[in-house]
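Visitor: I'm new to this one. Could you walk me through how to read it?
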Amino acid sequence: MDKNLNIIGKSKPKLDGKERVSGRAVYGHDIELPNMLHARILRSQYPCARIKSIDCTKALGLEGVKCILTAQDVDVNRIGYKRDHPVLKKDANCQRDEIAAVAATSKEIAAKALNLIHVEYEEIEGIFDPFEAMKEESRQINLHGKGKDLYGNKNIAESFHYSHGELEKQTKRSKVIVSRRYELPRVTHCCMATSNITADYSTMDGRLTLYASTQVPFLYQRDMAHALKMDPSLIRIIQPVIGGGFGSKLDMYPFEPICALLSIKTGKPVQLLYGREEEFLASPTRQTMIIDLTSGADADGKFTFREVRITMDNGAYTSWGATTPFVMMQTYSSLYQVAACDFQAKAIYTNNPFAGSFRGYGNPQATFSIERNNDLLADELGLGKDEIRLINANYPGEITGQGLHFKTCGAKPALTKVIEASNFIRKNREKHKGRYLKGVGLASMLHVGGGAKIYRSDGCGTRLKLDHYGYLDIITGSSEIGQGSETVLAMIASQELGIPMKHIKVVNTDTDVKPWDVGVHASRTSFVAGNSLLGAIRLMKQKLDRKAAQLMECEAGEFLYENGLIKRDKKEIRIDKVAREMHFGSPNELCIVEYFYEPESSFQDKQFMGDVSGNYAFASQAVEVEVDTFTGNVKVRDVYVSQDVGRVLNPMGLQGQIEGGVATGIGYALTEEMIYEKGYLMNPSFHEYKLLTAVDMPDIHFYPIETLDEAGPYGSKGAGEAPLIPTAAAIANAVSNALGIEFLTLPLSPEKVLKAWSEKKQNELANSQSI
Amino acid sequence: MNFNIESPTSKEELLNCLRNHQSGYFRLAAGFTDLLIELKKSKTEELTVINLSQIKDKQFTGIDIQPSGIRIGALVNVAQIGKNQSIRKSFPVLQQAADALASGQIREVATIGGNICQASPSGDLSCALVALKASCEILKMDGTIRHESLNDFFRGPAVTSLQKNEVLKSIVIPANQTNKLKSGFIKIGKRSAMECSIVSISYHFQLGADAAILHSGIAIGAVAPTVIFCREAADFLHKLNVNKIHETDQLKVAELIQQSASPIDDQRASAWYRNEVLFNSAKSIFEQD
């Protein structure tokens with residue numbers, strides 16, 4: 001595919017950019033259907049309680065209230081990855097539990113009706129600590145959990161074990177061994193648009209249309225059908241403009257079938273919108289994890305083994321988030337060369353809210369623990385933090401202990417780049433004095449770059465339609481949730497077919513129209529949908545080539561596509577004319593093609609061995625911080641990012657992904673935390689949940705590495721999740737470098753930092769006095 | 001959120017409005033950046049909101065510079081304060097506090113009167129104004145004016161001396177008596193915008209020809225039930241040369257400031273943290289960079 005590229009690799013603004021910034025974009029909140037009702041959900045008053053009775057009489061008496069549903073009014077299946085999650089609850093298991101739902105003629109009436117529903121609770125002492133939950137005497141938290149049979153403990157929701165290499169032998173030959181327990185906090189996505197759905201059920205034909213903000217419309221359609229006991233083909237999913245996904249829309253949540261049920265019961269369209277407080281209370285979070293990691297290295301600094309035990313707080317129900325160990329085990333087994341690895345992760349039921357999936361999918365947590373331990377190993381061996389990483393860096397052609405095959409690998413170039421650009425070696429050794437102490441930290445990451453074969457298919461379908469006037473519709477199975485892949489698709493089509501960008505439309509929001517795709521996750525869309533599109537373009541070109549040859553009366557074969565023309569030698573013809581002649585001339589066909597692409601990746605076996613992705617992305621970050629020892633505030637000054645993206649498709653879009661990812665990573669490192677006390681969320685607002693703002697952002701220096709991996713479109717790899725994965729680890733390493741203090745938990749809040757600094761100063765004082 | 005709203009456009013209409021609602025439940029608001037959040041969580045059926053934002057009267061909306069001082073109408077928004085050249089020159093502490101408040105969007109609508117009347121112990125403008133020894137001009141329902149120092153105006157968290165028949169009209173800051181100043185606002189929080197102070201310190205020192213401190217004002221925020229004027233620390237600094245304050249005196253000032261605080265633990269920070277940071281920040285006022 002080595003040819004002159006005039007579109008790919010040149011910055012293009014996002015296709016939906018103008019609509020979004022001007023307010024023209026139609027989000028779920030903007031949808032208004034005739035006779036539409038408004039829904040609200042009554043959530044539990046307690047994180048854990050028996051419900052003795054629910055009395056809706058008063059609420060039903062309120063004028064404008066059309067329907068109220070409780071668990072006993074509906075005949076539905078349980079939802080969630082483990083099917084352990086009732087849509088409406090008979091008893092309360094966490095603060096966000098849905099007890100009743102109201103549909104009314106206005107939002108105000110629906111809100112009022114909630115206050116009139118009388119629920120009699122019997123509060124039960126909840127279990128909020130996963131270690132407590134695992135004790136024999138603790139009661140079973142989720143009665144639909146199968147932990148006792150499957151994993152020998154009633155409160156284990158999911159468990160993974162993986163290993164490679166000879167652990168004992170590698171432990172013995174280790175010169176240094178570092179063991180630490182890390183605790184990672186609960187954070188949330190903070191999507192600009194709150195959760196929303198509009199359900200429109202027709203009593204005429206029994207069809208259900210859902211305007212839903214999902215990242216995975218086809219899996220969602222199937223999940224919804226299962227929940228509602230409906231035929232999936234009767235459910236049409238239309239995706240309005242999505243105001244942020246970041247993984248939060250990978251699962252279907254109870255509010256969605258609830259809204260559908262209200263529409264089915266009333267025969268009217270029903271809309272359900274979260275307010276911001278409800279968004280904090282009731283939308284998914286990143287897994288909080290306790291990670292016990294032991295790492296070893298031999299005298300030469302080569303990593304010998306990693307042994308890790310992870311305890312994840314699953315919350316009351318199980319979502320896709322419980323499968324984050326799939327990703328984490330890749331990181332433990334294969335980020336840097338490791339001779340042996342033993343990995344165990346358990347998701348434990350508690351009465352906390354359930355966690356979901358979040359950009360990075362467990363990888364920020366795993367990377368944090370590994371990269372902290374790597375710094376400690378380097379210290380003990382007297383090696384530079386850069387050296388130990390370069391010694392162990394992944395390399396092209398490597399097949400890791402888990403069977404990941406790195407056909408191309410930019411790990412070492414990325415590391416080298418950020419080490420040089422940040423002046424890491426000098427800065428890491430500099431000692432500072434005074435109020436503001438500077439430090440620099442390094443971290444790398446490994447993530448799938450060519451999809452991930454977890455579901456039975458990791459594919460994507462594309463239909464292409466060239467009209468009589470030379471305009472192209474790309475009907476793709478993939479979805480746009482802000483990541484910029486639809487712009488990349490239009491760029492690919494423009495590059496290949498010589499059609500100007502403004503003549504190309506991407507149609508991607510309707511399951512009745514678009515072909516199947518597994519969804520937006522695993523940094524897969526530009527890779528999988530891009531390859532699918534290239535397949536479709538090949539088919540379309542075959543058709544156009546045939547017709548063009550006929551019209552230009554020349555030999556069959558390939559033509560050049562440029563500026564709306566199909567050319568060979570000195571002959572040329574307009575592409576729209578070819579399309580028209582295809583239709584009106586014999587044998588009268590339309591210029592429409594369809595292609596389905598399935599990546600060549602393979603499933604893992606039962607021991608989790610296998611090459612699950614079409615290719616792999618590598619990245620390193622070096623971060624420079626300045627710590628104010630008067631306040632404990634950590635200021636991130638510069639972030640140096642180098643990432644193996646295969647090939648840069650749209651520089652502007654990629655830069656946006658890098659900056660957005662780093663922003664989320666900085667928040668994870670420094671300020672974001674959902675604070676729970678006995679199952680109650682204490683900070684459900686942007687006032688107290690400290691999402692960083694534009695003025696907090698440092699300078700981000702980005703150096704792409706192009707390894708031109710043949711599996712990806714033009715050699716590209718997935719890039720979306722990577723930029724946030726190593727950020728928190730690099731920041732923690734930088735803060736440790738600045739202060740000479742180890743931190744085992746996130747976020748590195750000013751108070752935590754100042755407290756550690758004060759203790760260090762006091763200890764130093766005590767030591768100097770005792771001498 | 002359903003409530004009645006009345007929007008007087010002049011002082012007279014405002015006074016009428018006040019008279020009409022004396023027996024009922026009403027709230028005053030201008031920028032609504034705090035009130036709307038509060039009302040989302042409370043019952044509003046019987047409530048009348050008196051919307052002050054339509055009042056055109058210069059006494060409420062203007063910044064008036066006089067030889068004796070500067071009068072800022074209660075309806076002046078925070079962005080106007082941050083941009084005002086006279087304030088920038090004469091009262092840097094106030095300009096810095098204005099620029100540190102919330103975000104650019106909120107500063108365009110939030111008013112100085114609202115920030116004061118919320119009586120938040122962490123109010124940024126309040127902290128600066130107490131250090132500047134500002135006073136309030138309070139319009140009574142009978143049309144007369146009551147004067148009170150801002151320091152006395154604050155009575156507790158979210159409590160002021162303002163009565164039901166009164167409305168804050170304007171704030172007066174006395175003119176500087178010298179031209180040489182050391183004046184600034186220190187805000188400690190977790191992020192650089194949209195942040196409620198965890199600790200704040202305002203200082204405003206007027207200096208003689210030899211850099212001696214002739215008049216001083218220091219106030220601290222978010223470390224006591226109200227903004228606190230640190231009288232002992234201010235007195236201690238009298239006549240000291242601002243450029244040559246010895247390290248032991250710097251520590252003494254920090255100690256005196258810390259002694260006037262009585263912080264508590266809350267979700268944003270512990271009392272321990274507030275105490276430490278207050279001391280460290282106070283110490284930093286006179287550190288030469």
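Visitor: Is the crossing of α15(A) and α16(A) left-handed or right-handed?

Guide: A crossing is left-handed if the near helix is turned anticlockwise from the far one by less than a right angle, and right-handed if clockwise. Here the crossing of α15(A) and α16(A) is right-handed. The residues touching there (contact means heavy atoms within 4.5 Å) include A:Val488, A:Leu489 and A:Ile492 of α15(A) and A:Leu533, A:Leu534 and A:Ile537 of α16(A).

Guide: Before we go on, this is a predicted model: local features need pLDDT of at least 70, side-chain atom pairs count only at pLDDT 80 or more, and totals for chains, interfaces and linings use all residues. Residues are numbered from 1 along each chain as its sequence is written, chains are lettered from A and ligands numbered from 1 in the order in which they are written, and side-chain values use heavy atoms, with hydrogens and water left out.

Visitor: What about chain B and chain A, how many residues are in contact?

Guide: On the chain B side 22 residues touch 25 residues of chain A. Buried area is the accessible area (1.4 Å probe) that two parts lose on being put together, summed over both. For chain B and chain A that is about 2,000 Å², with 54% of it on carbon and sulfur atoms. In chain B, the most area is lost by B:Lys190, B:Arg191 and B:Gln267, together 33% of what that side buries.

Visitor: And how many salt bridges are found across that interface?

Guide: A salt bridge is a side-chain nitrogen of Lys or Arg within 4 Å of a carboxyl oxygen of Asp or Glu. The rule finds 3 between chain B and chain A. A:Lys690 forms a salt bridge with B:Glu195, their closest N and O atoms being 2.5 Å apart.

Notes. Helices (H or I, at least four residues) and strands (E, at least two) are DSSP runs, numbered from the N terminus.
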